[in-house]
Amino acid sequence: MSHLRSAGEEPTALGIPCSLCGADDAVEVLPSTLSKGEHGEWSAYACTSGGYGRHGPIVRCRQCGLVYAAPRPAHDEVLDLYTAVQDPLYVAERAGRILTFENHLKPMERFTGPAGGRRLLDVGAYTGVFVEIAARHGWDAWGVEPSAWAVEEARRQGLQMVLGTLEDGSFPASSYSVVTLWDVIEHVDNPLLTLQAAWRALEPGGYLVVHTMDLNSLFARLMGKRWPWFMEMHLTYFTRATLYAMLVKAGFSVTWMGAQGRYLHAGYLASRVTALLPPVGRPLERVISAIGLNQRPVRVNLGDLFTTYARKPV
């Protein structure tokens, strides 16, 4: 991307083929900000990790423009890290996530149609908040998640959860009307395989919903290397163009793309600011706490998170 520059645009053979075009022809756009040996801890892969700006080398494919982490952990290592994740802070922010997913479900159903008992699979469902919301609105909702801790939290709520991944082949083909990936595709080591697995799980005419970060958004371009989503747990950084191309390659027809924000409680939002800018965030946390606004929901939309609806051909 134009706002991520490299010295001399020298290509690097990394032995990590691009997930979109298969080329091993990349150029580094951001050097690592991690110290030697400072990687591989599961805490950096928790949803509420505050490791903004902490990442390994990030490169851009010179053939198709996809931006991704390289080198990155192998598939089994990534899976082991997510299997070990525990994230109590995510549970504490549950009410804000309920608001977010309620506001994701409404526009989703304008594309997919109402539930009517149809089957929905939420991939990377974590503690199952979206599964809960979808079930409440009449979907036969299931979730799949590698974190043993998160699956146990979801099952305590009586939710239909599978421990594992979409790619492990345990889901019957053509068995779901909708598959959702909320903030998931950027975390997997081979996103094309994930999209192909979603295509297999969907019935003909079924919808895939993908929500991820937009590297080419105005906010990302203004922030440059200070964009907070550059994090160790993010392995691929999509633009609308590269996600569109990958969905088409996986067999989908893209229906719509657009920015979508989220709801956070004011206290949690302040804690995220502290993780990014401590001199600003700490006073903000104190003020919000002092005036009793910790639980006040705040809608946040900086335009750098977008949702895509794609359909499997009939």
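**View A. Seven strands build an open sheet in the order 6-5-4-7-8-13-10, with mixed pairing.** Strand 6 (161-163) and strand 10 (253-259) are the edge strands here, and each pairs on one side only. On average, neighbouring strands of this sheet are turned by 15° against each other, direction ignored. Please keep in mind, for this view and those that follow, that the model is predicted.

**View B. Here we look at the pairing of strand 4 with strand 7.** Strand 4 covers residues 119-123 and strand 7 covers residues 176-182. The two pair in the parallel sense, over three bridges. To find your place in the pair, look for L120, which stands opposite V178 in strand 7.

**View C. Two helices lie across strands: helix 5 and helix 8.** Helix 5 (residues 148-156) lies across strand 5 (140-145) and strand 6. Its direction is at about 160° to strand 6. Helix 8, in turn, lies across strand 8 (202-213), strand 10 and strand 13 (305-311). Relative to strand 10, helix 8 runs at about 155°.

**View D. Helix 6 packs against helix 8.** Two packed helices are described by the angle between their axes and the distance between the axes. For helix 6 (residues 191-201) and helix 8 (residues 240-249), the angle is about 50° and the axes are 9 Å apart. That angle makes helix 6 oblique to helix 8. The crossing of helix 6 past helix 8 is right-handed.

**View E. Another open sheet is formed by four strands in the order 1-2-3-9.** Its pairing is antiparallel. Strand 1 (26-30) and strand 9 (236-237) stand at the edges with a single partner strand each, so one side of each is left without a neighbour in the sheet.

**View F. Finally, we come to the pairing of strand 1 with strand 2.** Strand 2 spans residues 58-61, and four bridges join strand 1 to strand 2. The two strands run antiparallel. A handy landmark is L30, which stands opposite I58 in strand 2.

Notes: Residues are numbered from 1 along each chain as its sequence is written. This is a predicted model: local features need pLDDT of at least 70, side-chain atom pairs count only at pLDDT 80 or more; totals for chains, interfaces and linings use all residues. Side-chain values use heavy atoms; hydrogens and water are left out. Two strands pair if DSSP finds at least two bridges between them. Axes are lines fitted to C-alpha atoms, for helices over the stretch in contact, and angles run from 0 to 180 degrees between N-to-C directions. Angles under 35 degrees count as roughly parallel, over 145 as roughly antiparallel, 65 to 115 as roughly perpendicular and the rest as oblique. A crossing is left-handed if the near helix is turned anticlockwise from the far one by less than a right angle, and right-handed if clockwise. Contact means heavy atoms within 4.5 Å.
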